[in-house]
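Trainee: I have not worked with this structure before. Could we go through it in questions and answers?

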Amino acid sequence: ELFRSISERMAEIVNTIGADYIAAPEARGWGIAGAVSLLTGKPLLMIRKAGKLPQSANIVTVEYGTAY
């Protein structure tokens with residue numbers, strides 16, 4: 001119930017400020033950010049610190065930069 005309340009309140013804030021994306025820093029933020037992304041319909045950006053990707057991460061060059 002608490003998780004739902006927090007997610008819904010954060011979704012209200014995101015919609016109020018007109019954010020285009022939900023950015024989630026590190027793994028701790030991914031859970032709540034995923035719920036907010038789902039509630040708002042906004043894309044989720046999962047952000048990691050440099051050097052924190054798994055050893056087996058695939059690096060792919062895409063049109064606008066590099067994707068991991």
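Predicted model: local features only at pLDDT ≥ 70, side-chain atom pairs only at ≥ 80, totals over all residues.

Trainee: How far does helix 1 reach from its first C-alpha to its last?

Mentor: Helix 1 has 16 residues. At 1.5 Å a residue, 22 Å is expected. The reach in the model is close to that, at 23 Å.

Trainee: Which residues of helix 1 are buried, and why do they line one face?

Mentor: Exposed residues on the other side include Leu-2 and Thr-16. The buried residues are Ser-7, Ala-11 and Val-14.

Trainee: What covers the buried residues of helix 1?

Mentor: The cover includes one strand and one helix. They are strand 1 (22–25) and helix 2 (26–40).

Trainee: Is Ala-24 buried or exposed?

Mentor: Ala-24 lies in strand 1. Its contacts beyond four places in sequence include Gly-29, Trp-30 and Met-46. Its relative accessibility is 0%, and buried means under 20%, so Ala-24 counts as buried.

Trainee: Where is Arg-48, and how far is its C-alpha atom from that of Pro-25?

Mentor: Arg-48 sits in the loop between strand 2 (44–47) and strand 3 (60–62). It counts as partly exposed because its relative accessibility is 34%. Pro-25 is 23 residues away along the chain, and the two C-alpha atoms are separated by 6.3 Å.

Technical notes
Residues numbered from 1 in each chain as written. Heavy atoms only, no water. Helix = DSSP H or I, 4+ residues; strand = E, 2+ residues; numbered from the N terminus. Buried < 20%, exposed > 50% of the residue type's maximum accessible area, 1.4 Å probe, protein only. Expected span 1.5 Å × (residues − 1). Contact = heavy atoms within 4.5 Å.
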